[in-house]
Amino acid sequence: QVQLVESGGGLVQPGGSLRLSCAPSGSIFSIGSMDWSRQAPGKQRELVAAITTGGSTNYADSVKGRFTISRDNAKNTIYLQMNSLEPEDTAVYYCHTDKIETHQGLIEAGAWGRGTQVTVSS
């Protein structure tokens, strides 16, 4: 089973920046549309940003103008550039895809990462 792995989380001061990455745990043939979501203690899970295989993007109002989602299809990797971070951005960030195809032709309907912690604090 192929899984996604997030990286790049950490502690940053308000106004700072972080860049999250998400990639499959092993070599794959292709990956579908992908997205980032987050969940903070005591809050509902929130879809942060999404990107299609063609590069079309969508953002939650809470992060629009501050976050940028992108993908590198050659590396089957997506990124979330987070600028002007606020304490309210503190959460565990998860990545997700709707499709993974292996080199052997096997297809997973979807996959999720285990999450990476982002903490914004002075």
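## Reading a disulfide, a sheet and a core

Author: Start with the sulfur pair: cysteine 22 and cysteine 95 form a disulfide, S to S 1.9 Å. The model is predicted: local features need pLDDT of at least 70, side-chain atom pairs count only at pLDDT 80 or more, and totals for chains, interfaces and linings use all residues. Residues are numbered from 1 along each chain as its sequence is written, and side-chain values use heavy atoms, with hydrogens and water left out.

Reader: What is a disulfide, and how many does a search of the whole structure find?

Author: A disulfide is a covalent bond between the sulfur atoms of two cysteines. The cut-off is a pair of cysteine sulfur atoms within 2.5 Å. Cysteine 22 sits in strand β3 and cysteine 95 in strand β10, so the pair ties together parts 73 residues apart in sequence. Strands are DSSP runs (E, at least two residues), numbered from the N terminus.

Reader: Why is the disulfide of cysteine 22 and cysteine 95 right-handed?

Author: The torsion about its S-S bond is about 60°, so the disulfide is right-handed.

Reader: Are cysteine 22 and cysteine 95 buried or exposed?

Author: Buried means under 20% relative accessible area, exposed over 50%, partly exposed in between (1.4 Å probe, protein chains only). Both cysteines are buried. Compare proline 14, in the loop between β2 (10-12) and β3. Proline 14 has 42% relative accessibility, so it counts as partly exposed.

Reader: Which residues is proline 14 in contact with?

Author: Contact means heavy atoms within 4.5 Å. Neighbours within four places in sequence aside, proline 14 contacts Leu85, Pro87, Val120, Ser121 and Ser122.

Reader: What is the strand order in the open sheet of four strands?

Author: Two strands pair if DSSP finds at least two bridges between them. Here the order is β1-β3-β9-β8, with antiparallel pairing. β1 (4-7) and β8 (67-72) are the edge strands, each pairing on one side only. Between β3 (residues 18-24) and β9 (residues 77-82) there are five bridges. Serine 21 has tyrosine 79 of β9 as its bridge partner.

Reader: How many residues has the largest nonpolar core?

Author: A nonpolar core is a set of buried Ala, Val, Leu, Ile, Met, Phe, Trp, Tyr and Cys residues joined through side-chain atoms within 4.5 Å. The largest has 29 residues. Those with the most contacts inside it are Leu4, Trp36, Val48, Phe67, Leu80, Met82 and Tyr93. Beyond four places in sequence, valine 48 touches residues including Trp36, Phe67, Leu80 and Tyr93.
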